[in-house]
Amino acid sequence: MENLKIKIYADGAVVEDMLEAYRSGNIKGFTTNPTLMKQAGIRDYEEFAKEVLQNIPDRPISFEVFSDDFAVMEEEAKKIAGWGVNVYIKIPITNSRGETSIPLIRKLSGLGYSLNITAILTLTQVRETVNAFAQGTTNVVSVFAGRMADSGVDPVPVMKEAAAICHAKAGTELLWASPRELLNIFQADQCGCDIITCTPAILSKLPNVGKGLEQISLETVQMFSKDIQMLGYSIV
């Protein structure tokens, strides 16, 4: 892992998990989204965000706007920007009606905000997003490589080209979003991605990196044996 250039961000909305990841020292930033907050049972978005920022003051953290209306989205973005100096404002590439967010991205970037543009799946979306960023700003382009793979499309060639597009503008980082397995960390690094987000489930597998496959085989059999004993099953 020490040879990888890619930065690992923790993806989630459970404060305890975020703080544990922060204390591990392996995590360079954090992202969250409305679906994760729903799963975590978050009731007060601002209260949740400020608690996180109070405990994690020195890592980039992305907080997403909620509105489907671009004018309201702009106001939400300005409010989120005031929550902390390490905040990235997360803007979906379109609203739920499929209307592009590019004009809003261009406007917010022109005001100097740090943005994380999310739910991107095509190279056209990557190009339009990068073109909308103002010079001198710092931004993240989140491409959902995992969802791409779920549709039967190999994300590796797409992510390599996306990296070239993003790195053509200073201050722009490419993020491999929605990974499905730990292997994606190595694939993202090889593609030239700057960041990958990982859920706690994927992060829990990091101790397996470098472990011999025979040892993993043995541990798998030991897991089966333990479960059999707990269930009390017998065949003969």
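## Exercises: a charged patch and a ring cluster

At 53% relative accessibility, glutamate 20 comes out as exposed. Keep in mind that this is a predicted model.

**Exercise 1.** Find the patch of negative charge on the surface and work out which helix gives the most to it.

*Solution.* Start with the members: Glu16, Asp17, Glu20, Asp44, Glu47 and Glu51 gather on the surface. Next, look for elements that give two or more residues, and you get helix H1 (15–24) and helix H3 (45–55). H1 gives the most, with three residues. Glutamate 20 sits in helix H1, and since exposed means over 50% relative accessible area, its 53% puts it in that class.

**Exercise 2.** Describe how phenylalanine 48 and phenylalanine 63 pair up, and say where they sit in the chain.

*Solution.* A search of the whole structure turns up five aromatic pairs. In this one, the centres are 6.4 Å apart and the planes are at 90°, an edge-to-face pair. It links distant parts of the chain: phenylalanine 48 lies in helix H3 and phenylalanine 63 in strand S3 (residues 61–64), 15 residues apart. Now check the cover: phenylalanine 48 has a relative accessible area of 4%, so it is buried, and phenylalanine 63, at 0%, is buried too.

**Exercise 3.** Classify the pair of phenylalanine 63 and tryptophan 83.

*Solution.* Edge-to-face needs planes over 60 degrees apart. Here the planes are at 75° and the centres 5.9 Å apart, so the pair is edge-to-face. Tryptophan 83 is in the loop between helix H4 (70–81) and strand S4 (87–92), 20 residues from phenylalanine 63. At 15% relative accessibility, tryptophan 83 counts as buried. To finish, ring pairs link Tyr45, Phe48, Phe63, Phe66 and Trp83 into a cluster.

How values were computed
Residues numbered from 1 in each chain as written. Predicted model: local features only at pLDDT ≥ 70, side-chain atom pairs only at ≥ 80, totals over all residues. Heavy atoms only, no water. Patch = residues over 30% accessible without salt bridge, like charges linked within 9 Å, V, L, I, M, F, W, Y side chains within 5 Å. Areas by Shrake-Rupley, 256 points an atom, 1.4 Å probe, with all protein chains shown as cover. Salt bridge = Lys/Arg side-chain N within 4 Å of Asp/Glu carboxyl O. Lys, Arg positive; Asp, Glu negative; His and termini not counted. Charge placed at Lys NZ, Arg CZ, Asp CG, Glu CD. Helix = DSSP H or I, 4+ residues; strand = E, 2+ residues; numbered from the N terminus. Buried < 20%, exposed > 50% of the residue type's maximum accessible area, 1.4 Å probe, protein only. Phe/Tyr/Trp six-rings, centres within 6.5 Å; stacked < 30°, edge-to-face > 60°.
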